[in-house]
Amino acid sequence: MRVMAGATTVGDLAGAIGVRTQEAAIVAELKAGSEEAYAWLIGEFHQPIYSLVYRMMTDPADAADTTQEVFLKVFRGMKHFHGGSSLKTWIYRIAVHEASNRRRWWFRHKSKETSIEPPEAFTESGVASAIKDSLVDGADSPFDRVAHEEVRARVEEELRKVSEPYRTTLILRDLEEMSYEEIAEVTQVSLGTVKSRLTRGRQALRQRLTAYVQEAGLELGRRAGERKVESDSRVSCTGREFEVAS
């Protein structure tokens, strides 16, 4: 686990051991078929796994089906989990494997179909709402919220176009905030390969976003200036507030 690798003091080590002990107890309950333990597992990992799978696949319906399959495999395979990695890393490894398999199937079969769903269906998914909630500050102005949403949507759009395996590495590192060691375990490659994929993935995403960042910077700057002028005009109608604005 990341906390174990980063333990540098006696207190850190004790905490890491405590986490290990707690996880071992949960795994024992899961292997014993405890319904409470499985309910905890779903509550703890369902949304993160759905978010991961959705970002890899982009289709909400396929992501939901794949997430369900992931947890079925987790339940069926729990007896084979021996603690060689953390529970989270093991579940993420299953999720990445299932999503990758589903993507390959999709490109062979479903990509030939034409969807009748409007594009808005994607932004109405639970994961999109979760991303928006996590990236947009509730204290922001309406303008800032719109600006953040525009940037977030574009980044998500361009991320979907980054080729595998770089895309998955980017998601695990920059969105899921997993350590290099955890990513290596999840994707079953060396640390050097993880770092190489991350570098190339970030470079690919940066190249895709360069033109947009330049364009959006000018546009958002212009709109912010217009908003400031309108705001200053409104407050100038009251003497005391005008002095603050000026």
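Good morning. The structure under discussion is a predicted model, in which local features need pLDDT of at least 70 and side-chain atom pairs count only at pLDDT 80 or more, while totals for chains, interfaces and linings use all residues. Residues are numbered from 1 along each chain as its sequence is written, and side-chain values use heavy atoms, with hydrogens and water left out.

Let me begin with the overall architecture. The secondary structure comprises 12 helices and zero strands; here helices (H or I, at least four residues) and strands (E, at least two) are DSSP runs, numbered from the N terminus. Of the 246 residues in the chain, 33% are buried. Buried denotes under 20% relative accessible area, exposed over 50%, and partly exposed in between, with a 1.4 Å probe and protein chains only. Among the contacts in the chain with a separation of 6 or more, 64% are between residues 24 or more positions apart, where contact means heavy atoms within 4.5 Å.

I turn now to one helix pair. Helix 3 (residues 35-57) packs with helix 9 (residues 166-175) at an angle of about 145 degrees, their axes being 10 Å apart. The axes are lines fitted to C-alpha atoms, for helices over the stretch in contact, and angles run from 0 to 180 degrees between N-to-C directions. The crossing of helix 3 and helix 9 is right-handed. By convention, a crossing is left-handed if the near helix is turned anticlockwise from the far one by less than a right angle, and right-handed if clockwise. Helix 3 contributes Leu52, Arg55, Met56 and Met57 to the contact, and helix 9 contributes Arg167, Thr168, Ile171, Leu172 and Leu175. These residues divide into six nonpolar, one polar and two charged. In that classification, Ala, Val, Leu, Ile, Met, Phe, Trp, Tyr, Cys and Pro count as nonpolar, Asp, Glu, Lys and Arg as charged, and the others, Gly among them, as polar.

How many salt bridges does a search of the whole structure find? The search finds 10, a salt bridge being a side-chain nitrogen of Lys or Arg within 4 Å of a carboxyl oxygen of Asp or Glu. One of them joins Glu156 to Arg55, with the closest N and O atoms 3.8 Å apart. This pair links distant parts of the chain, since Glu156 belongs to helix 8 (residues 142-159) and Arg55 to helix 3, 101 residues apart. Both Glu156 and Arg55 are buried.

A further salt bridge connects Asp62 and Arg102, whose closest N and O atoms are 3.2 Å apart. Again distant parts of the chain are linked: Asp62 is in helix 4 and Arg102 in helix 5 (residues 87-108), 40 residues apart. Helix 4 itself covers residues 60-77. Asp62 counts as buried because its relative accessible area is 3%, whereas Arg102, at 25%, is partly exposed.

Glu157 and Lys161 form another salt bridge, at 3.6 Å from N to O. Glu157 is partly exposed, with 33% relative accessibility, and Lys161 is likewise partly exposed, at 43%. Both residues belong to a network of salt bridges that links Arg154, Glu157, Glu158, Lys161 and Arg208.

Next, the backbone. Most residues other than glycine have a negative phi, and most peptide bonds are trans. The peptide bond from Glu164 to Pro165, however, is cis, with omega near 5 degrees. Pro165 lies in the loop between helix 8 and helix 9. Glu177, although not a glycine, has a positive phi of about 55 degrees. Glu177 is located in the loop between helix 9 and helix 10 (180-187) and is exposed, at 53% relative accessibility. Gln188, also not a glycine, has a positive phi of about 60 degrees. Gln188 is in the loop between helix 10 and helix 11 (191-235), and its relative accessibility of 62% is why Gln188 counts as exposed.

Finally, I return to Ile183. Is Ile183 buried or exposed? Ile183 is buried, because its relative accessible area is 0%. Leaving aside residues up to four places away in sequence, Ile183 touches Thr169, Leu172, Arg173, Met178, Gln188 and Val194. For Ile183 and Thr169, the C-alpha to C-alpha distance is 7.2 Å, with a sequence separation of 14 residues.
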